[in-house]
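Please keep the sequence and the model in view while going through the numbered points.

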Amino acid sequence: MQNQRQSIINRGTKIISQSLHHLFEPIEFAPIPDLLNPQPAFQRKMFIQKALDDHLLVYLQLMPKTAAGQPVEVRGYLKSLGQDRYLVQSKNLSYFFDFDQLRYIAHPLS
């Protein structure tokens, strides 16, 4: 009777550990993007104006306001909010940023 009870407990423990094993696997975070060389201000302003006029899809690398944050890479369409403030809209994300947060802007590769 003792062996049968231990066998049931061992099987139950094994089934539970196998079904919950995925909860204890390490979480993989998205890699931190490499910092691109910052573009000169005149080049960023010129490309922003072209993207706004022609409604172009753009790739941006944005720096956070504080040193605690990580750079953000986003692709989307720009809208001007005036006073060197912009909105970039992707499929389901929107980013508000100031001109001084913009590190790099280009056409996306794909």
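This is a predicted model: local features need pLDDT of at least 70, side-chain atom pairs count only at pLDDT 80 or more; totals for chains, interfaces and linings use all residues.

1. Which residues does Val74 touch, not counting residues up to four places away in sequence? Val74 touches Val58, Tyr59, Leu60, Leu62, Val88, Ser90 and Tyr95, where contact means heavy atoms within 4.5 Å. Val74 has its place in strand β2. At 5% relative accessibility, Val74 counts as buried; buried means under 20% relative accessible area, exposed over 50%, and partly exposed in between, with a 1.4 Å probe and protein chains only. Val74 and Ser90 are 16 residues apart along the chain, and their C-alpha atoms are separated by 7.5 Å.

2. Residues are numbered from 1 along each chain as its sequence is written, and side-chain values use heavy atoms, with hydrogens and water left out.

3. The protein contains two helices and five strands, which follow the sequence α-α-β-β-β-β-β from the N terminus on. Helices (H or I, at least four residues) and strands (E, at least two) are DSSP runs, numbered from the N terminus.

4. The strands deserve attention next. An open sheet of five strands has the order β4-β3-β2-β1-β5, with antiparallel pairing; two strands pair if DSSP finds at least two bridges between them. At the edges stand β4 (94–98) and β5 (102–106), each with a single partner strand, so one side of each is left without a neighbour in the sheet. On average, neighbouring strands of this sheet are turned by 45 degrees against each other, direction ignored. Axes are lines fitted to C-alpha atoms, for helices over the stretch in contact, and angles run from 0 to 180 degrees between N-to-C directions.

5. Two pairings can be followed residue by residue. Strand β1 (residues 57–62) pairs with β5 in the antiparallel sense over four bridges, and Tyr59 stands opposite Ala106 in β5. Strands β3 and β4 run antiparallel and are joined by five bridges. They form a hairpin with four residues between them, and the bridge partner of Val88 in β4 is Tyr95.

6. Where does helix α2 lie? Helix α2 (residues 41–54) lies across β1, β2 (72–82), β3 (85–89) and β5, and runs at about 50 degrees to β5.

7. How many salt bridges does the structure hold? There are two salt bridges, a salt bridge being a side-chain nitrogen of Lys or Arg within 4 Å of a carboxyl oxygen of Asp or Glu. One joins the side chains of Asp54 and Lys50 (2.8 Å, N to O). Because Asp54 and Lys50 are four residues apart in helix α2, about one helical turn separates them. Asp54 counts as partly exposed at 43% relative accessibility, and Lys50 counts as partly exposed at 44%.

8. In a further salt bridge, the side chains of Arg85 and Asp98 meet (2.7 Å, N to O). Arg85 lies in strand β3 and Asp98 in strand β4, so the pair ties together parts that are 13 residues apart in sequence. Arg85 counts as partly exposed at 34% relative accessibility, whereas Asp98 counts as buried at 14%.

9. Finally, buried residues make up 25% of the 110 residues in the protein.
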